[in-house]
Amino acid sequence: MIKYLALSDNKNKFQVNAVKKGVRFMFKKEIRKKVLLAVLFALTAFTVTGCGTSSETSGETPAETVIATEAETSAPEETTAEEASVPEETIAEETSAPEETIAEETSAPEETTAEETSAPEETTAEETSAPEEAGSVLTNAELLNMINKAFGMMTDNTFEGDCKTASDWDIIDADAEIQPDEEITPEFLISASMRATGFVTGSSSMDEILTCAAERGVILINDISAVDVKQASDIVDKAKYAWTHQEIKTEIKVELCDGVLDLTETIPAESVKIDGNTIEIPAEYAKDITEGTVYILPKNADGQGGAYKAQSVEENGATVIIKSVPAELQEVYKSISSN
């Protein structure tokens, strides 16, 4: 009898452990509906292994056993509720975090957009003010400094220094009384700008200055009304352009050495034949050429010609053959000058 009760008790423990394992397995998966299946699994185990016999032996009724089973089953339900609530809170936290992140990410571009939008407005304001300053009227001091720098004249950037430099270069008269802080006049603007070019001088009349300025493209017409003091920088730039792009006509004067025979204007270029140091010309033009004579020939179609020194002269019928070498510069020219 004792062995039977011990065996029955072991069976009860095995059955209870089976129930607990089934319940834990189901709750770990967080599937509450399967709790009933676990209970049914436990009841089936009781029935198969002789649940009625063990209950009679222990003095408990099947109903009490079922109540005890339900009591044991209710505890895991609370645990399941707690376990289930944790994931819900976690999900809520995980869900709220992205919302905050999205809100922050959404607000950041708005601030950036506001800053980016304001920057061009400030730049536009600065760009708008620049032309107003450029179109303002210069003072006498500012104009002299501008002209000195434009034409490459040394200046110490003081009004006294600019006046001294301008006077040295005949931009203004040495005894001119100029008020540095007064606004420039059209007359002073065009006079100083054109005198800086050297096309006119201090003795030139205003009409002569205006005429020269119009001819050089500094102003449009020969009239003082064409001089806009608000365009002083443009007028100075045009005067500088006219000065740097002027056509320089230089007359060169040369004086030939004594005895040099210049045939450039007397002998036809096509009648001259040059082959290295051998030169053949018509005899009528070689009457004055002897050994040692320096003579100048015109350039022929091949670009040959220039100054030569005769070494030998040989008559050849209607022509003369002259053995020659190029002449040295000092053998040709006594002096060379320009004005």
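Trainee: Are α7 and α8 roughly parallel or roughly perpendicular to each other?

Mentor: Start with the general idea. Two packed helices are described by the angle between their axes and the distance between the axes. Now the case here, in a predicted model. The axes of α7 (residues 186–197) and α8 (residues 206–215) cross at roughly 65° and come within 10 Å. Angles of 65 to 115 degrees count as roughly perpendicular. Therefore α7 and α8 are roughly perpendicular to each other.

Trainee: Is the crossing of α7 and α8 left-handed or right-handed?

Mentor: Left-handed, for α7 and α8.

Trainee: Which residues of α7 and α8 meet?

Mentor: From α7, take E187, I190, S191 and M194. Their partners in α8 are M206, I209, L210, C212 and A213. By class, this contact of α7 with α8 has seven nonpolar residues, one polar and one charged.

Trainee: Now α5 and α7. At what angle do their axes cross?

Mentor: The α5 and α7 axes cross at roughly 20° and come within 11 Å. Under 35 degrees counts as roughly parallel. So α5 is roughly parallel to α7. The crossing of α5 and α7 is right-handed.

Trainee: Which residues make the contact of α5 and α7?

Mentor: On the α5 side, N140, L143, L144 and I147. On the α7 side, F188, L189, A192, S193 and A196. Sort them by class. The contact of α5 with α7 has seven nonpolar residues, two polar and no charged ones.

Trainee: Next, burial. How many residues of α5 are buried?

Mentor: Read burial as a cut-off on relative accessible area: under 20% is buried. In α5, eight of eleven residues pass, and the helix is mostly covered. The buried set is N140, A141, L143, L144, N145, I147, N148 and A150. Then ask what lies over them. The cover includes α6, α7 and α9 (232–244).

Trainee: Which residues of α6 are buried?

Mentor: In α6 (residues 159–168), they are G161, D162, C163, T165 and A166. What covers them includes α5 (140–150).

Trainee: Where does A174 lie?

Mentor: In the loop between α6 and α7.

Trainee: Is A174 buried or exposed?

Mentor: Exposed means over 50% relative accessible area. A174 has 72%, so A174 is exposed.

Trainee: How do the neighbours of β5 pair with it?

Mentor: Take each side in turn. β2 (residues 261–262) runs parallel to β5, and two bridges join them. D262 stands opposite I296 in β5. On the β6 side, the pairing of β5 with β6 (residues 306–316) is antiparallel, over four bridges. There V294 stands opposite K309 in β6.

Trainee: Which way do the residues of β5 point?

Mentor: Look at both faces of the strand. In β5 (residues 294–297), V294 and I296 point one way, and Y295 and L297 point the other way. All of these are buried.

Trainee: Last, the whole protein. How many helices and strands are there?

Mentor: Ten helices and eight strands. Of the 339 residues, 28% are buried.

Trainee: What share of contacts joins residues at least 24 apart?

Mentor: Count contacts between residues at least 6 apart in sequence. Among those, 56% join residues at least 24 apart.

Definitions and conventions: Residues are numbered from 1 along each chain as its sequence is written. This is a predicted model: local features need pLDDT of at least 70, side-chain atom pairs count only at pLDDT 80 or more; totals for chains, interfaces and linings use all residues. Side-chain values use heavy atoms; hydrogens and water are left out. Axes are lines fitted to C-alpha atoms, for helices over the stretch in contact, and angles run from 0 to 180 degrees between N-to-C directions. Angles under 35 degrees count as roughly parallel, over 145 as roughly antiparallel, 65 to 115 as roughly perpendicular and the rest as oblique. A crossing is left-handed if the near helix is turned anticlockwise from the far one by less than a right angle, and right-handed if clockwise. Contact means heavy atoms within 4.5 Å. Ala, Val, Leu, Ile, Met, Phe, Trp, Tyr, Cys and Pro count as nonpolar, Asp, Glu, Lys and Arg as charged, and the others, Gly among them, as polar. Buried means under 20% relative accessible area, exposed over 50%, partly exposed in between (1.4 Å probe, protein chains only). Two strands pair if DSSP finds at least two bridges between them.
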